[in-house]
Each structure stands twice: as structure tokens, then as C-alpha cells.
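Please look through the model shown here before reading on. The paragraphs below go through it piece by piece.

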There are 2 protein chains.
Amino acid sequence: MWRDLAPVGRSATSGGYFRQPWTAAESELRAWFAEQCAARGLTVQTDGIGNQVAWWRPDGEPAAPGVLTGSHLDSVLDGGAYDGPLGVVSALAAVDELRERGFTPSRPIGVGTFVEEEGSRFGLACLGSRLVTGATSWETARELRDRDGVFLADAVTDAGLEPDTGLLGLDDVGCFVELHVEQGRDLVDREAAVGVASRIWPHGRFRFDFAGEANHAGTTRMEDRRDPMLTFAATTLAADEGARLTHERATFGRVRVEPNGTNAVPSRVTAWLDARAASEEALQSLVDDVSRRAGDRAGHDGTTVTVTAESVSGSVAFDPELASRLSALGRSPDGGTDGWPVIPTQAGHDAGILSAAGVPTAMLFVRNPTGVSHSPAERAETADCLAGVTALADVLADLAR
Amino acid sequence: MWRDLAPVGRSATSGGYFRQPWTAAESELRAWFAEQCAARGLTVQTDGIGNQVAWWRPDGEPAAPGVLTGSHLDSVLDGGAYDGPLGVVSALAAVDELRERGFTPSRPIGVGTFVEEEGSRFGLACLGSRLVTGATSWETARELRDRDGVFLADAVTDAGLEPDTGLLGLDDVGCFVELHVEQGRDLVDREAAVGVASRIWPHGRFRFDFAGEANHAGTTRMEDRRDPMLTFAATTLAADEGARLTHERATFGRVRVEPNGTNAVPSRVTAWLDARAASEEALQSLVDDVSRRAGDRAGHDGTTVTVTAESVSGSVAFDPELASRLSALGRSPDGGTDGWPVIPTQAGHDAGILSAAGVPTAMLFVRNPTGVSHSPAERAETADCLAGVTALADVLADLAR
């Protein structure tokens, strides 16, 4: 399966992946997933926006709601191979392993994927799971535009999907387990191949609009300028400093400059702050601090700044009973069961959206030797990936026994 | 003429102009110029890349080389109405005024336009005059690419031009006079509608490539990052500070970020420094200082920076005899001749390229009440524009008498 996926949406230049939702690369991944399910005798259902699920139902319609596992297939711009696909491939491989073990589930096991988890095209992360849970309405989502001004509703339709046919329902989902490559190094520190998530830090995306006055870069005296690039630059350094002091996260990774000409002082700089902290109060305080420092600098530069929260996700505490039940399944390399470590994450996931919607939810992480993620350099050792599959199979067997 | 030009390439949003070379807007301007010349009985010659000239030749082929005037029709991205077109319109209007005066030139008077003066598409300012003078070779220029990766040679051909048919010659040009809206406020300070250029500051465009490591904006600890956005931000502030201290100019107005995603630490930031100073030594010292401070910060951020000079224009001193001859023609509002002020400029012009190539060259400036340029807010009073036309007619009459 990994070999199938390797070339899809891959940049020959960077080696990274461009698997934006409702593009050719993502359609190919969706077709691949349907083939994989069909090869296992599972029928995939694709909803109106491209979320997919295939249920392995034991003979006779079971009474109990099922155990859903899976992740996402889209990537950030120039992302790594593992973020998303590892959870999907591991879900399919875990089904294979359960069948090899001769396991017969007493409740259905579903394998699924959610679209636009990264928010790399329309700016709203976990869009597929937000729509399924109702955290975001279709009326709001359909009006989102990508960088080229394409409406989400048109992108979905152009990809051959029919949004009016409805979304996946959660009535069949008794619980959700998402396996994901770790995006930090907690498991390296704990010397464990696999871990269980305790919680997700609250986080958000905040748009900073810095406005000044376009002018000639040669003839305009420095003291006559109102240059929003300076305000942006000072704000970027302030955000970095603020997050370092409090051990939180603040990043300006996306910028748009107008008119973006070499010999013109910009009229406008738009930049997006990604901010994350251990509590919702701490996140608010971090963003308030960056906004205040941006405003102070704008006063100095003769510019203005406005800050808009584009998406904010509250703190997610995964079901503690489920987490400790999963952790207790942990096998050590010698076959003992000394438990998997329970660790927090600073990254948002579809699992967080489902958890917030009241679905009992858990996450498994697979060790990432460098912690690098959202980068072509992201990786995981094959042995750890295989340990992840075994762990996921153990978890599914426990939950669907 | 001004009414004809007003809508061409204008943004409905900003009111600014997008007249990039070899685009539809610029082709329309070229056709307009040819029509204007034809309406005056002048035949326009268009060279292989779109430079244009029309000669008003008195009866009988004159012995002396001619007096060329004109400017450019392209704009920066989201530029003003006056930068370029004012010189072209004034040239045509000055011919009209000379004819109304019943003036018969004893040497030819040419009206012309040079392409891609701003370098807004292919990054090399004054490209048309550089090619005509040989300051840049066609072999070099043809390989330049715009932001979409289009080769200059293809852009020229796609605009219906035939680069192989050759370029305008300068053999017919005895001297060149360019009228231009002022891009600073020296004439406001001098309370003069019109001025004469003494010199152009040396200036250049320097590409800063900041490289780091893409990573997840949430899970990567601040201390584990190699974020080139921080190095760029610190360099932007350092450049501003350096130029303020020395009364020079340093601007980062153009930036490209990869992958430019909200939730990813960038792998690479490319930014262009526009730097200008009163002497070539001072310019070098300014750029060296910014580069050194960028390198220091890169060491701190775990990133790297490389600096590439994309174009550097040396200091230009316009023909001093010509400048003082023109200045002496200056009329005061009451009709006296107390001379036009002679002022330097920090902006590059085709006049600078022709001057450096040995063509006796002069520039007239028309007062700009705010000094704002390279901006939709750029403007000039109609009375000052008309004073500019009269001044240019006086200059042409003096030089072609």
C-alpha cells in the first residue's frame, strides 16, 4: 500500500506532497482507497464532499454501533508522506491482521477517511469532520474560497462529487480511533514505538491585516513611509519571543504582500498566526499579547493592524477511560504488557472534532524519530509503523470483541 | 489623451494600474500610442520587443541627429497614473504646442516609449532601454522568467512581437529628454512646478534567500525550529534601521514564502531588497551591513542566507551643460525666466540608461504634491502638468532650433 501511495501528488523538486482536497491527486487517493476496500470485500460509501467509510460487518446485522478507525489522505502544501496516510494504511492493515488472526468482530469495524483535514486549501482545518459533526455548517463552508478565489462548493462539484447527496452519518459510530504519526518527540523521549493521546492543546488561526501606504521604494524618505512590512516583521519576532517565554507555540508561516513589487513599499501585508497553548486561557493571553505588540508597533510605523480569528479549536480531552483502556493494551518489545505512554499533542486532528461532538474517541501515535512534520523530511521507521498496525489491531479487537 | 488612458489596466478594487509588459493592457497602450502618432501625421516604428518611436522630420532630410523625448507606458503592480504615461502624453502635447506656435524644427524631434521600465514582470528595470543601449544583451534577457515561469522571449512573441526583427537604433538620437512626475517632494519644498534632474542615486535589487526547515507549526517546540521567517523579519527591521541612520533607502517590498501554509514553519523565504544611496560606496556599505546582520541572525535561527545582486545601477550624472541649459529656460509664473531648480532623484529611469550609454540626456520633473509614487494615490495637479508640457516644448524648441 505504501508503494502505491508514494508517487501520488509528490513534488519532483522537494520530494514533498501536494495533496490538496478536490484536486487530481486527492481524487486518485480516494479511488485508491475504494479499490483497497473492494479488495477486502468491503463496500465504500463516499459522501457528498468526499468523506469515505467502509464497514466490515460480521454476518447478521449486529445490534451494537461500530468501531470506526482511519485518518485523512490530504496533505499540507509540500508535506510529508505519513501525516494522514499512515492512519489510513494502518487501518486497512489492521483489518488484514485481525482476519489473519481469525478474529470475528461482534460489532462492525469501519475504515474511513475525512477530507481537508489540513485546511491547506480552504483555511479551515478538519473541514470534513467538522461538517459531519455539524461543528461547521454546509451553508458556511460552501462560501469558503481558496487562494484562487474558487468557492468550496464549486471545488467539490468540479471534483465529481455531489454535495447535495448529504454527509456521512455518525449514528453507526460507537467510538473512533485514529492512528497518526507523532509530530513531536515525546515518544522518542519515552523510548516507545506507540503512544496514546491524552488531549489536544487548544489552538487557532488568526489573520493579521497590516495596512499602510504604497509608495516608491527609492524616492520615499524612510521617515515619510507607512510600511506594513515593518509592522509584520516586528510582530513575527514578538510572536516568536512570546511563545518561547511561555513554552507555547506561535508561528507566522503564511504571508501575502500587496503589491509585492521589489521597488514599491507595500500597501498591505496579510499574515496568519498559528497559535497553540496548554489551556484556552493561555492561548487567549498569547494571542492578546501578540496583538497588543502588533498594535504598538503599528502606531510607531504609521500603519494599522486588525486581527481576525479565522478558526479556534478549544481544548480536547480524549475519553480518559478509553485512553487508559488502550494504554493498558500496550505491549513491550519482549511481548509483555507494560502499557503505552499517554501523551498530549499540540496538533489538531479529526479525532478532536469527533471527541468534541461527544463520540468516545482515542488516538494512537507512532514514533517519529526527528519529530519533523509538515515537511518532506517527516518520517517513521518501518518497525515502528508495523508496531502501530499491531497496536491498532489489538485495540480494534478489544473494542469490537 | 489622459481620458483615453484612464481606464486601461486599472483595478476596480484599488484604482491602481496593472500595466505589465507584454500583457493585454500594455498592447492596448502601444496601439493607442501608434494612433496618437498617426493622428499627428507621424509614423511609428515598433521594434522587436515593443519599444516605439515616431519622428517628426522637417521637410528635407536633416543632417543633424534628432532630439528624442518620451518615457514609458508600463506600470508597477498597482501603480499610479502618472509614472511613465505623463512623459509620453507630455511629449505628444509638446509637439502639438510647438506646431501651434508655428515652430519648424531644424533637426528631427522624436517621441518614444521604452518597454518594461519598471521591471515589474521580469525583475530587470529599464529593460527596453538596456537592450537598446546594449547594457543588457538579448541572449541574457530572453532567458529571464516572470513569476509564472514564462520566459521573456515567449512573452514577447505571445504579445505579437518579433524579437528577431531587431531593436531601435540610437544612431538617430542626438540627445534624449525624459519628462517624469517627481517621486519625492523636492519640488514641493522648492515651490516649483517643474525641475531639472542633476543625477540618479546608484541603486540595486538584491535577492535574499533564507533557508530553514519546514516543520509542524503546532508540535515543533520553538527551540527545535529553524524558521527562516524569523531571519527575514529581523533582516527587514535591520535594513530599515540601517537606511534611516544614513538617510539612504532600503526596502523589502517583495516576499515569497514556501510552502506558505498557516500550520507549517516555512522551509524557505525569498525576499528582495531594494537599496539606494548617494554614492556607490555608500550603497555597497548599506548592502554589506544588511547582509552581515542577516547572516548573524541566521546563525541565531539555525537558518542560512545567501545574497544575490539581481541588478545594480551605478550612479548617473546627467550631462551638466545640458542640465544648466535647460534650467536656464525656466519660466516663473509671472513669465520671467528665473530658472528651474536642479534636483537629484533616487529613482531609476530610461534616461539614466541612455545617459550611461553616452547619449547626452536630461530629465524634467513635474511637481508631485504628496511625493507618493508607485501607488494608486500618486498624483499631480493639472496646472503643473500643463506647465510641464510648456517646459518640454520650450526645451525641444531650444534643442531643435
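**A walk through the two chains**

S313(A) lies in strand β14, residues 304-313 of chain A; helices (H or I, at least four residues) and strands (E, at least two) are DSSP runs, numbered from the N terminus. This is a predicted model, in which local features need pLDDT of at least 70 and side-chain atom pairs count only at pLDDT 80 or more, while totals for chains, interfaces and linings use all residues. Residues are numbered from 1 along each chain as its sequence is written, chains are lettered from A and ligands numbered from 1 in the order in which they are written, and side-chain values use heavy atoms, with hydrogens and water left out.

S313(A) has a relative accessibility of 14%, so it counts as buried. Buried means under 20% relative accessible area, exposed means over 50%, and partly exposed is in between (1.4 Å probe, protein chains only). Leaving aside neighbours within four places in sequence, S313(A) is in contact with R130(A), P202(A) and H203(A), where contact means heavy atoms within 4.5 Å. With R130(A) there is also a polar contact between the two side chains, at 3.2 Å. A polar contact is a pair of N or O atoms within 3.5 Å; within protein, one must be able to donate a hydrogen and the other to accept it, and residues adjacent in sequence count only if both atoms are side-chain atoms.

In chain B, strand β14 (residues 304-313) is joined to β9(B) by nine bridges, and the two run antiparallel. Two strands pair if DSSP finds at least two bridges between them. Within this pairing, R207(B) stands opposite T308(B). Strand β9(B) is also joined by nine bridges to strand β13 (residues 268-276) of chain B, again antiparallel. There, A211(B) has R268(B) as its bridge partner. How many of the nine residues of strand β9 (residues 203-211) of chain B are buried? Eight of them are, so the strand is mostly covered.

Next come the annotated positions. UniProt, in an unreviewed entry, places the feature "binding site" at D83(A), E118(A) and H374(A). UniProt positions are given in the numbering used here, feature names are shortened, and annotations may be inferred rather than shown by experiment. These three residues span 292 residues in sequence, yet no two of their C-alpha atoms are more than 9.7 Å apart, so they gather at one spot. D83(A), E118(A) and H374(A) also belong to the lining of the largest cavity. On a 1 Å grid over the protein atoms alone, a cavity is a set of points where a 1.4 Å probe fits but cannot get out, and lining residues have an atom within 4 Å of a point.

D83(A) is found in the loop between β5 (77-79) and α3 (85-100) of chain A, and H374(A) is in the loop between β17 (361-366) and α12 (382-399) of that chain. D83(A) is buried, with a relative accessible area of 5%, and H374(A) counts as buried at 1%. Their side chains make a polar contact of 3.1 Å. Beyond its neighbours within four places in sequence, H374(A) is in contact with residues of both chains, including E118(A), H216(B) and N263(B).

V181(A), one of the residues in contact with D83(A), lies in strand β7 (residues 173-181) of chain A. Its relative accessibility is 0%, so V181(A) counts as buried. V181(A) and D83(A) are 98 residues apart along the chain, but their C-alpha atoms are separated by 6.0 Å.

N263(A) is in the loop between β11 (249-258) and β12 (264-265) of chain A, and it is buried at 7%. Its contacts outside four places in sequence include R205(B), R276(B) and H374(B).

The last topic is the contact between the chains. It takes 62 residues from chain B and 62 residues from chain A. The area buried between them is about 5,400 Å², of which carbon and sulfur atoms give 53%; buried area is the accessible area (1.4 Å probe) that two parts lose on being put together, summed over both. T219(B), M222(B) and T262(B) supply 14% of the area that chain B buries against chain A, more than any other three residues.

Conventions
On a 1 Å grid over the protein atoms alone, a cavity is a set of points where a 1.4 Å probe fits but cannot get out, and a pocket is an open set with protein on both sides within 12 Å along at least five of seven lines; lining residues have an atom within 4 Å of a point.
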